[in-house]
Amino acid sequence: DLWEALLRLASESRGRAASLERPNLLLALKGRFRFRGSSVLRNDIKLVKTIATDWPQSIEDRIGGVAVPRPRLREALDEAAKNHRFVQVHGLPGTGKTAALKHLALDCLAAGPILFLTPDRLAGNSWQAFAQSIGLSCHDPKTLLAEIEALGTPYLFIDGIDRIESAQRNIVTDLLQPILHSEALSDWRVVVTARDIGIEPLRNWLPAELFAIQGIGMVEVRPFDDDEATALADSLPGLRPLLFSTPQVQDSLTTSFLSGHFCTRSRTKTIGSMRFAKSASHRF
């Protein structure tokens, strides 16, 4: 079947004097065949998968060991990624933006490699320099992106894109140029988290075409709703009086949990006029 498909592509291309490179072939055969991947790039793909596994795993997404499902937030993320090429997950600090990105990334990773970047792990002032710093042998972003798409999910995840320093922004734009200008990479999606600052600061340095194609998907992450708070209270009953207190206390408590203020034994957090220690959830 693969041979017959290649013969048809060759025949169709001959009439147009077209050139068929590996990324174009992978695009043309997408969905009909599953490939093992290029033997030349196998180690690079393994490294990309390791990074995409290890970096998100360092993101804290549990409260007292309890993972709170947020199905409505996940549905909003899926819908935004389906309809937009660029999706910005935004919200106040500690509302769970990074945790939402983590879960989407790990779900995509189950199907194959993805690309996951965080500002504090970027090095160099170009994609080539960054690729070299992490040990990739392939420094051509188009080739690597095409291979990732053929084997996995064409998603570029960036946690905290608004925190990327000016010197490292070319790492991102070097990736976006082939995504935006190569037909073979037209299925790629870019999903980022950012503080609640709007889209304008990103327009100053991201390519304008990124926002023009299919528009911008904006997903706001809010503190826990009643169903989510109930799920947490069922697992940690001592928190129920606080979770269903005044709106101000609810929002402050949820934000404190999700931003990790309860993860360090010696750290305390002031909420309104009340002061809570790490072990507070066990005392109430």
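Two strands are said to pair if DSSP finds at least two bridges between them. Helices (H or I, at least four residues) and strands (E, at least two) are DSSP runs, numbered from the N terminus. The structure described here is a predicted model, in which local features need pLDDT of at least 70, side-chain atom pairs count only at pLDDT 80 or more, and totals for chains, interfaces and linings use all residues. Residues are numbered from 1 along each chain as its sequence is written, and side-chain values use heavy atoms, with hydrogens and water left out.

## The sheet

Strands of a sheet pair through backbone hydrogen bonds, either parallel or antiparallel. In this model, 5 strands form an open sheet with parallel pairing, in the order β2-β3-β4-β1-β5. The edges are held by β2 and β5 (216-220); each has a single partner strand, so one side of each is left without a neighbour in the sheet. On average, neighbouring strands of the sheet are turned by 15° against each other, direction ignored; here axes are lines fitted to C-alpha atoms, for helices over the stretch in contact, and angles run from 0 to 180 degrees between N-to-C directions.

| Strand pair | Sense | Bridges |
|---|---|---|
| β2 and β3 | parallel | 3 bridges |
| β3 (155-158) and β4 (189-195) | parallel | 4 bridges |
| β1 (86-91) and β4 | parallel | 6 bridges |

Within β4, Val192 is the bridge partner of Ile158, and Thr193 is the bridge partner of Val89. Tyr155 stands opposite Arg189 in β4, while Leu156 stands opposite Val190 in that strand. Phe116 has Phe157 of β3 as its bridge partner.

## Burial in and around the strands

A residue is called buried under 20% relative accessible area, exposed over 50%, and partly exposed in between (1.4 Å probe, protein chains only). Strand β4 is mostly covered, with 6 of its 7 residues buried. In a regular strand the side chains alternate between the two faces of the sheet. In β3, Tyr155 and Phe157 point one way and Leu156 and Ile158 the other way, and all are buried.

Leu92 lies in the loop between β1 and α5 (97-109). With a relative accessible area of 52%, Leu92 is exposed. Its C-alpha atom is separated by 7.6 Å from that of Arg222, which is 130 residues apart from Leu92 along the chain.

## Cysteines

A disulfide is counted when a pair of cysteine sulfur atoms lies within 2.5 Å; by this rule the count comes to 0 disulfides. Cys108 is buried, with a relative accessible area of 10%, and Cys138 is buried, with a relative accessible area of 10%.

A cavity is a set of points, on a 1 Å grid over the protein atoms alone, where a 1.4 Å probe fits but cannot get out; lining residues have an atom within 4 Å of a point. Grid points are joined across faces, edges and corners, and a volume is the space filled by probe spheres set on the points. The structure holds 3 cavities of 30 Å³ or more, and the largest cavity has about 50 Å³ of space.

The lining of the largest cavity consists of Val48, Ile51, Leu115, Phe116, Leu117, Trp127, Phe130, Ile134 and Leu136. Two or more lining residues come from each of α3 (42-57), β2 (115-117) and α6 (127-134). The lining divides into 9 nonpolar, no polar and no charged residues, where Ala, Val, Leu, Ile, Met, Phe, Trp, Tyr, Cys and Pro count as nonpolar, Asp, Glu, Lys and Arg as charged, and the others, Gly among them, as polar.

How values were computed: 1 Å grid on protein atoms, 1.4 Å probe; cavity = no way out; pocket = protein on both sides within 12 Å on 5 of 7 lines; lining within 4 Å.
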